[in-house]
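Reader: Please walk me through this model. I want packing, strand pairing and ring geometry, with cut-offs.

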Amino acid sequence: MGSNVSGHLDRFSILTPANHGFRSKHSFESQLVLTTRDLLKHRDQGHSIDVGILDFSKAFDTVPHKRLIKKLRIYGIHDEFVSWIESFLSCRQQFVLCDGARSEHSAVSSGVPQGTVMGPLLFLLHINDMPSVVDPGTSVRLFADDTLIYRVIHSMEDQVVLQRDLARLEQWASTWGMVFNASKCHIMYISRQSSYPHQYMYQFRGFVLSLVTSEKYLGVYLNHDLKWSHHIDQVAAKAARKLGFVRRNLRGAPVNCKKLAYVTLVHSGMEYASVI
């Protein structure tokens, strides 16, 4: 069933190329390669870039079922499949079990089931049109619910356009039942100049976005100067902590066991996104 839907989406190029999450031949590395290449290209050309790092609040849990079903029909998915999904999502209840005590049942009125084959695909379809609401000169990068929005800044007018794009994303979220967590959204200025020429107080959902010089995106620390020293320091420090843990707890273990623990816990972290 899921493969048939994926085939329909691929055949008609329905899924936005801005999203690389939960998709065949796409990954966090492909998203990071495209994003960092784009940012480096603009910076090396002497341009300044304003980057918004946005955070959905409980993204998978807030997808409203009726609005999701509406989008499935818009994308031309077969009525029988849409009816099956509607039945799958509707009339669900949940409860909490703790130490043998069970809470009362509560109706599940929103959200896509995590841990299922269809859940991630349904989420991608629900947020699929989000990049289309911003100005053509503004870029949006998605990996599941991780979102970047950025624009090359030539003058204050470009920043006004980017502010307008943030307002459009806010309106899109309101229309489709999604919520951005404004307190966890930030702005980063990228420039080759030591002092940024066009500082702007961006607002989002009633908050002034806080300015950051480094922020984690898909497991990699992006710096305002697009250098990797801060990320490398963080990776090295984390690897050293894990190596210390392995040494302390596997002191008398066989060599093969130590090697497996090292490769799994330490080496894998140092190799993560190394191509970037």
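Author: A nonpolar core here is a set of buried Ala, Val, Leu, Ile, Met, Phe, Trp, Tyr and Cys residues joined through side-chain atoms within 4.5 Å. Buried means under 20% relative accessible area, exposed over 50%, partly exposed in between (1.4 Å probe, protein chains only). The model is predicted: local features need pLDDT of at least 70, side-chain atom pairs count only at pLDDT 80 or more, and totals for chains, interfaces and linings use all residues. Residues are numbered from 1 along each chain as its sequence is written, and side-chain values use heavy atoms, leaving out hydrogens and water.

Reader: Which residues touch the most other members of the largest nonpolar core?

Author: That core holds 46 residues. The members that touch the most others are L72 and M178.

Reader: Which element supplies the largest share of this core?

Author: Helices (H or I, at least four residues) and strands (E, at least two) are DSSP runs, numbered from the N terminus. Elements that each supply at least two core residues include α1 (2-11), α3 (65-74), α4 (79-89) and β8 (186-190). The largest share is 6 residues, and it comes from α5.

Reader: Which residues is L72 in contact with, leaving aside its neighbours within four places in sequence?

Author: Contact means heavy atoms within 4.5 Å. With those neighbours left aside, the partners of L72 are I77, V82, I85, L122 and L125.

Reader: How many bridges join β1 to β7?

Author: Two strands pair if DSSP finds at least two bridges between them. β1 covers residues 48-55 and runs antiparallel to β7. V51 stands opposite Y150 in β7. The bridges joining β1 to β7 number 8.

Reader: Why is β7 largely enclosed by the rest of the structure?

Author: β7 covers residues 146-153. It is largely enclosed because its buried residues number 7 of 8.

Reader: In the hairpin of β6 and β7, which residue takes a positive phi?

Author: β6 and β7 pair in the antiparallel sense over 5 bridges. F143 has D146 of β7 as its bridge partner. The hairpin has 2 residues between the strands, and the one with a positive phi near 60 degrees is A144.

Reader: How many disulfides does a search of the whole structure find?

Author: A disulfide is a pair of cysteine sulfur atoms within 2.5 Å. C98 is partly exposed at 48% relative accessibility, and C257 is partly exposed at 36%. The number of disulfides found is 0.

Reader: Is the pair of F22 and F60 stacked or edge-to-face?

Author: Rings of Phe, Tyr and Trp (its six-membered ring) pair if their centres lie within 6.5 Å; planes under 30 degrees apart count as stacked, over 60 as edge-to-face and the rest as tilted. The F22 and F60 centres are 6.1 Å apart and the planes stand at 80 degrees, so the pair is edge-to-face.

Reader: What is the angle between the planes of W84 and F88?

Author: W84 and F88 are 4 residues apart in α4, so about one helical turn separates them. The pair is stacked, at 5.7 Å centre to centre. The angle between the planes is 5 degrees.

Reader: Over which ring does the charged end of K71 sit?

Author: A charge sits over a ring if NZ of Lys or CZ of Arg is within 6 Å of the ring centre and within 35 degrees of the ring normal. The charged end of K71 is 4.1 Å from the centre of its ring, which belongs to W176.
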